[in-house]
Amino acid sequence: MPRVVPSEVQAIRPTSLDPMPFILTATVLVDTYLGSVGLSATLLTEIERWLAAHFLEVASPSVVSKRLGDTAVTMDKMKLGDALKGTRYGQQVLLLDTSGTLAQVAGMKRATVFVD
């Protein structure tokens, strides 16, 4: 069962698309990969919200610039292979997932720094 509702996703990623399919995908991934890593329910909810926004952005990129004279629109572009790093929403997911699990699932290497 989803932790977030469409209006919560639309609050961070306005869209005319129905956010529910993206929320359901985010729910499955959060439940599958993060359900047992010890993150709080509040943190899982935020990860799910930002992950759904990431999927929305991938499906329908935001307009990053417009021009009226001679009409020009530039869409936010994600490079293939960037995974969660490819959108500002995915970057939030990486920040919120303190376990590093989703980064590893996306093929990113986890770094550990030790300070003496």
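The legends below describe close-up views of a predicted protein model.

**Figure 1. Overall fold of the predicted protein.** The protein contains five helices and two strands, where helices (H or I, at least four residues) and strands (E, at least two) are DSSP runs numbered from the N terminus. Along the sequence these elements follow the pattern α-α-α-β-β-α-α. Of the 116 residues, 32% are buried, a term that here means under 20% relative accessible area, with exposed meaning over 50% and partly exposed in between (1.4 Å probe, protein chains only). The accessible surface comes to about 7300 Å², 57% of which belongs to carbon and sulfur atoms; these areas come from the Shrake-Rupley method with a 1.4 Å probe, and for residues only the protein chains shown count as cover. Among contacts (heavy atoms within 4.5 Å) between residues at least 6 apart in sequence, 58% join residues at least 24 apart. Because the model is predicted, local features need pLDDT of at least 70 and side-chain atom pairs count only at pLDDT 80 or more, whereas totals for chains, interfaces and linings use all residues. Residues are numbered from 1 along each chain as its sequence is written, and side-chain values use heavy atoms, with hydrogens and water left out.

Figure 2. Helix H3 spans residues 41-59, and its 19 residues reach 27 Å from the first C-alpha to the last, close to the 27 Å expected at 1.5 Å a residue, the expected span being 1.5 Å times one less than the number of residues.

Figure 3. Side chains of opposite charge can pair when their charged atoms come close. Arg3, Asp31 and Glu48 are linked in a network of such bridges. In one of them, the side chains of Asp31 and Arg3 meet at 2.6 Å, N to O; Asp31 lies in helix H2 and Arg3 in the segment before H1, so this pair ties together parts that are 28 residues apart in sequence. In another, Glu48 meets Arg3 at 2.5 Å, N to O, and this pair links distant parts of the chain, with Glu48 in helix H3 and Arg3 in the segment before H1, 45 residues apart. Glu48 is buried, at 0% relative accessibility, while Asp31 is partly exposed at 36% and Arg3 is partly exposed at 27%.

**Figure 4. The pair Glu46 and Arg49 within helix H3.** Glu46 forms a salt bridge with Arg49, the closest N and O atoms being 3.0 Å apart. Both residues lie in helix H3, three residues apart, about one turn of the helix. Glu46 is partly exposed at 26% relative accessibility, whereas Arg49 is buried, with a relative accessible area of 17%.

**Figure 5. Glu57 and its contact with Arg13.** Glu57 is found in helix H3 and counts as buried, at 4% relative accessibility. Its side chain is joined to that of Arg13 by a polar contact of 2.7 Å, a term for a pair of N or O atoms within 3.5 Å; within protein, one must be able to donate a hydrogen and the other to accept it, and residues adjacent in sequence count only if both atoms are side-chain atoms.

How values were computed. Salt bridge = Lys/Arg side-chain N within 4 Å of Asp/Glu carboxyl O.
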